[in-house]
Amino acid sequence: MIRVLMKSIREYKKPSILAPILVSMEVIMECIIPFVVARLINQIKAGCDLGTIVRYGMILVVMAGLSLSFGAGAGFNCATASCGFAKNLRKDMFYRIQTYSFENIDKFSTSSLVTRMTTDVTNVQMAYMMLVRLAFRSPLMLIFSATMAIIMGGKMALIFVIVIPILAVSLFLVMKSVTPIFKNVFKKYDALNNSIQENIKGMRVVKSYVRQEYEKAKFERSAEDVCADFTRAEKILALNNPMMQFCLYVAMIFVLSFGSYTIITSGGMDLDVGQFSALLVYNFQILSSLMMFSMVFVMVTMAEESAKRIAEVLTEETTLHNPEHPVMEVADGSIDFENVSFRYSEHAEKMALANIDLHIKSGETIGIIGGTGTSKSTLIQLIPRLYDVTTGSVKVGGVDVRNYDIEALRNQVAVVLQKNILFSGNIKENLRWGDQNATDAQMKEACELAQADEFIMQFPHQYTTHIEQGGANVSGGQKQRLCIARALLKKPKILILDDSTSAVDTKTDALIRKAFSEYIPTTTKIIIAQRVSSVQDADRILVMDGGTIKNIGTHEELLKTSSIYREVYESQNRAGGEENE
């Protein structure tokens with residue numbers, strides 16, 4: 001886990017190394033200052049002149065200035081290193097997610113990935129900041145101060161031999177208690193984020209069904225779960241402070257009592273006033289370093305689970321890989337399914353697709369019809385290799401899709417889904433997802449083919465009209481037509497429409513299909529639809545049921561041979577006839 005995360009430090013290695021070096025210099029200065037002060041006190045006690053006091057004063061000012069400079073430099077480098085590390089972690093996670101196949105993405109929920117890139121990275125950033133500064137400062141301060149205390153106080157420094165193990169044991173017990181709590185709380189964070197995400201995405205549904213109170217109660221339960229776990233963990237962590245304070249004051253009482261007694265009884269021979277004052281300072285430094293160390297421990301304990309979750313994302317290997325010598329050119333739009341079977345998970349009991357044999361010629365128009373859950377979308381997702389087949393093979397242009405360079409293959413396969421996504425920006429920026437170098441004329445032509453130009457020209461800003469996130473400010477039918485235009489700009493050899501005209505009227509649907517047949521005759525077109533009218537002009541129509549192809553043929557042939565197709569056709573036409581009456 002540490003090796004994986006350290007790869008994200010990269011250009012911030014220098015400040016990550018400079019911070020602990022400067023911290024070490026700061027600690028050395030802070031530990032020498034009490035020693036010099038003790039010497040000054042003894043000089044004053046011995047009746048030194050003003051010149052001696054000024055000389056010691058100048059030395060102390062210089063040392064304090066150096067300590068301040070080293071501390072400021074350490075703080076600057078520490079902040080640079082930790083913020084840069086967090087930036088690289090987020091970037092590496094985001095880039096890694098872009099390489100995932102759909103199978104990989106199915107392993108992580110969206111809310112979990114958001115939590116990992118925000119809350120988890122922040123926890124690791126805070127822990128890293130403490131590690132490169134306090135984690136070095138605390139043990140160095142402890143070692144140097146204890147050494148100086150033994151030099152200055154002799155046997156009196158033995159109090160630290162008793163106090164330090166007590167604190168160490170208490171620290172270990174606290175850490176052991178809170179680690180499983182933090183491990184559990186991040187899963188609840190995922191649930192909390194999921195509740196927020198669902199509510200915001202489904203706001204229209206929530207309001208239309210008047211379910212605000214239900215959503216509030218669901219969110220409150222998730223929030224209370226997180227709060228309860230954090231409260232329990234914080235209560236345990238809160239024991240650190242009183243334990244530290246107790247040990248600090250016990251040590252102070254011991255030093256003050258026995259130190260004063262030793263000075264009085266020995267007449268300053270065994271312990272003088274300067275040594276005594278230095279011992280008090282070192283006592284405070286030792287125990288404060290332990291308190292800082294406990295803070296580091298707490299933060300690292302919190303961040304440990306976050307670091308594991310980040311490492312899971314960074315080490316997740318995509319299930320789809322390019323072959324050693326990939327094919328870079330797609331010859332044509334022919335598609336061959338050869339005895340294809342597929343299931344989404346190794347543990348799935350049933351195949352989503354079974355024994356699919358299908359051969360589509362380049363430029364052919366294929367319609368696919370079938371009920372919900374008949375694996376129509378699953379079938380077309382195998383063509384651009386969004387998933388790999390379980391058995392058999394899918395060939396495009398006569399080459400197995402697994403032998404292509406993934407990017408080269410997907411550049412020649414355009415898929416328009418029913419749930420279309422538009423990104424925030426203007427219409428032109430969204431269209432250029434299909435071709436980033438597309439001219440205004442090319443975009444207008446694609447929109448005319450997709451029957452989108454007419455409504456775009458009615459907008460005040462036309463093609464520069466701003467699109468809200470997810471296309472919230474355009475209708476479902478407008479969104480679908482923009483996405484079809486975007487796909488056409490790719491100039492693909494294969495165009496797949498996955499129920500992507502469901503939100504447009506039948507007249508517009510017919511115009512879109514007519515434009516396809518006239519302007520892109522050489523492109524292979526696969527149209528998944530619920531309406532028979534959307535596919536009845538196709539060269540061939542597949543009727544799917546239960547993950548298999550039940551029938552295949554033209555519209556007229558299927559009316560005679562397929563009971564499923566005939567039933568759908570009659571039910572839709574009956575509904576249309578009744579409506580006309």
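**Close-up views of a predicted model**

**View 1. Glutamine 451, another residue with a positive phi.** Glutamine 451 has a phi of about 60°, positive although the residue is not a glycine. Its place is the loop that runs between helix H15 (440–449) and helix H16 (453–458).

**View 2. The open sheet of six strands.** Read across the sheet, the strands follow the order S6-S9-S10-S3-S11-S12, and their pairing is mixed. Strand S6 (413–416) and strand S12 (548–553) stand at the edges and have a single partner strand each, so one side of each is left without a neighbour in the sheet. From one strand to the next, the twist averages 15°.

**View 3. Strand S9 between its two partners.** Strand S9 (residues 494–498) pairs with S6 in the parallel sense over four bridges. Within this pairing, alanine 414 stands opposite leucine 495 of S9, and valine 415 has isoleucine 496 of S9 as its bridge partner. S9 also pairs with strand S10 (residues 524–528), again in the parallel sense, here over five bridges. Leucine 495 takes part in this second pairing too, with lysine 525 in S10 as its bridge partner.

**View 4. The covered faces of strand S9 and the helix that lies across it.** Strand S9 is mostly covered, and five of its five residues are buried. Both faces are covered, with Ile494, Ile496 and Asp498 buried on one side and Leu495 and Leu497 buried on the other. Helix H17 (residues 476–488) lies across S6 and S9, and its direction is at about 180° to that of S6.

**View 5. The open sheet of four strands.** A further open sheet has the strand order S2-S1-S4-S5, and its pairing is antiparallel. Its edge strands are strand S2 (353–360) and strand S5 (399–400), each of which pairs on one side only. Strand S4 (residues 391–396) and S5 run antiparallel and are joined by two bridges. In one of these pairs, valine 396 has valine 399 in S5 as its bridge partner.

**View 6. A nonpolar patch on the surface.** Ile17, Leu18, Ile21, Met25, Ile28 and Ile32 make a nonpolar surface patch of about 450 Å². One of these residues, isoleucine 17, lies in helix H2 (residues 13–45). Isoleucine 17 is exposed, because its relative accessible area is 52% and exposed residues are those over 50%.

Technical notes:
Residues numbered from 1 in each chain as written. Predicted model: local features only at pLDDT ≥ 70, side-chain atom pairs only at ≥ 80, totals over all residues. Heavy atoms only, no water. Pairing = 2+ DSSP bridges. Axes fitted to C-alpha atoms, helices over the stretch in contact; angles between N-to-C directions. Contact = heavy atoms within 4.5 Å. Patch = residues over 30% accessible without salt bridge, like charges linked within 9 Å, V, L, I, M, F, W, Y side chains within 5 Å. Areas by Shrake-Rupley, 256 points an atom, 1.4 Å probe, with all protein chains shown as cover. Salt bridge = Lys/Arg side-chain N within 4 Å of Asp/Glu carboxyl O. Buried < 20%, exposed > 50% of the residue type's maximum accessible area, 1.4 Å probe, protein only.
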